[in-house]
Structures are given as structure tokens and as C-alpha cells.
Amino acid sequence: MRPPADAPRRHRTPLVLVPWLVYVGVTVVAPAINGAVRDPVFAAHAVITLGVSGAITLLWLAAVVVVQSGK
Amino acid sequence: MTPVARSRAGSAALAAVVLAITWSLKRFYSAAGSDQLQWLLAPTAWLVSLATGVAFDLEPHHGYLSRGSMFEIAPACAGVNFLIVAFASLALGLAHACTTARARVTLLAASAAAAYAATVLANASRIALAVRLHEAGASWGALTPARLHCAEGVAVYFLFLLAVFAAATKLAESRRAPAC
């Protein structure tokens, strides 16, 4: 049986992806579905949003892994 | 119904409520003008003025305008999308920690309050930085002033989002009681 204290640690890494998925969903996917892809400015917006948020998420994940491995 | 099945049904109901609220907010935002968004624009403009020293005047039906800096805080700058993202991230990301209906209702209310506070703070920080970039006429290679403004906005919003999410996750874990 898994000790209760282990449960949060098991969840932590995938949970970091929740804000990124929601952010990309609201700011890129939803506008794209609603027809924003026809706007020439949208491509630059999508690239910047995915690039910047993806880079920050990767850095955050790396920091979480480093912190967890140090415990 | 087994406790596991009950917990899953509760999480599904919570997700449905979160989706309904975010959809309603999106609908409201698509039709809202400056007057309907005062609850976000007014504290944001006040904080930006405090941080930058740039005075913003309320322009009825338009937003807040700084004539000195030629910078406008318009309804599109209200941060409603960030409010939606922050609320949905907190409510969906922490749903697994709640096992009772009361805990889920508390999570929804706390997520809404935290998302509002985070939105005003993140948006004010983003706009304060944007005012400085605008005044400096900053650009960098392919990053035109407009693209730089976009990149700066994504970076500020996303850092705030991760910080709020990490703080909320830590708080939820430290308060992990039988209910939530």
C-alpha cells in the first residue's frame, strides 16, 4: 500500500503541465478553432506564445526535477 | 457507489462546472466594453500608475489613457484570458486533492479569488513593463515592437501563472486534511 505522503510527489511533475496546457488551449487553440488562423498576425502570436511558454515550462520542469532529486 | 467512483464523479462534475464558468467568461468578454471591465481595468491602471509614475485618465467607454506616454489600457488589455487560464488551471490542477463536495466548492471559490488577484498583479506588471518598452521604442531583430510586446506579455503572464500554481499546489499539500 502506498503511504499517503507519496501521493503528492507522484502527481507533481505532470501537474506542472496543467497551466501550460490550459494557457495554450485558451490563447492559441481556442482562437485558432474560432477562425483566427486566417489573420496573418496570428501565426506570429502562436509561435511566440508556444515558444516563450514552452521554454519557461521546460525550465520549470527542469527545476522541479532538480529539486525532487535533491530530496 | 464506491468511494473511488464517487471521487471520480465529483471530479468530473467539478471539471464541468469549471468549463461552464470559463465558457461564460469568454462569452461575456467577447461582448464586454470598457465599462463592463472596470472591475479589472481600474485596479490594473491604478497599480500601473503606482509602479511607473505614469498617470492614466479614465476615458469613458474606451479605457485608461496616458496622454504623456501615448499609451492606452484598453478592454483588450484587461487580462480576461489570463483570468480564465489562472482559474481553470487552479481548479482543474488541484481537483485531485478534493474528496468532498464542500472541498470542491471551496476550491472553486479560492481559485476564483486567487485568479482575480493574480490577474490584476500580472497584468499591472505586464503593462508597467510594456510602458517602459514603449517609451524606449525597444525592438530586437525580428522582434518588432509589437512582437516584443507580445513576447513580454506571454513571459510575464506565464511566470505569474506558474508561480501562482506552484504556491497553490504547495498550500494544498501542506493543508492536506481528510477533506482537501
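The model is predicted. Chain B holds 5 helices and 3 strands. Read from the N terminus, the order of its elements is α-α-β-β-β-α-α-α. The C-alpha trace of chain B spans about 65 × 35 × 30 Å along its principal axes. Chain B has 180 residues, of which 34% are buried. Among contacts in chain B with a separation of 6 or more, 71% join residues 24 or more positions apart.

His61(B) lies in the loop between β1 (57–59) and β2 (63–66) of chain B. Its phi is near 70°, a positive value in a residue other than glycine.

The next loop, between β2 and β3 (71–73) of chain B, contains Met70(B). Phi of Met70(B) is near 50°. This value too is positive, and the residue is not glycine. Met70(B) has 9 other C-beta atoms within 10 Å, so it is exposed.

In chain A, helix α2 covers residues 40–70. It has 31 residues and reaches 46 Å from its first C-alpha to its last. That span is close to the 45 Å expected at 1.5 Å a residue. Buried positions in α2(A) are Ile48(A), Thr49(A), Val52(A), Ser53(A) and Trp60(A). An α-helix has 3.6 residues a turn, so residues three or four places apart point the same way. Ile48(A) and Val52(A) are one such pair by numbering, and both are buried. Thr49(A) and Ser53(A) form another pair of this kind, again with both residues buried.

The two chains touch. At their contact, 17 residues of chain A meet 20 residues of chain B. On the chain A side, the elements that give two or more residues are α1 (6–33) and α2. The largest share of this side comes from α1(A), with 9 residues. By residue class, the chain A side has 12 nonpolar and 5 polar residues. No charged residue of chain A belongs to this side.

Key
Residues numbered from 1 in each chain as written. Chains lettered and ligands numbered in written order. Predicted model: local features only at pLDDT ≥ 70, side-chain atom pairs only at ≥ 80, totals over all residues. Helix = DSSP H or I, 4+ residues; strand = E, 2+ residues; numbered from the N terminus. Buried ≥ 20, exposed ≤ 12 C-beta atoms within 10 Å, placed from the backbone. Contact = placed C-beta atoms within 7 Å. Expected span 1.5 Å × (residues − 1). Nonpolar A, V, L, I, M, F, W, Y, C, P; charged D, E, K, R; others polar.
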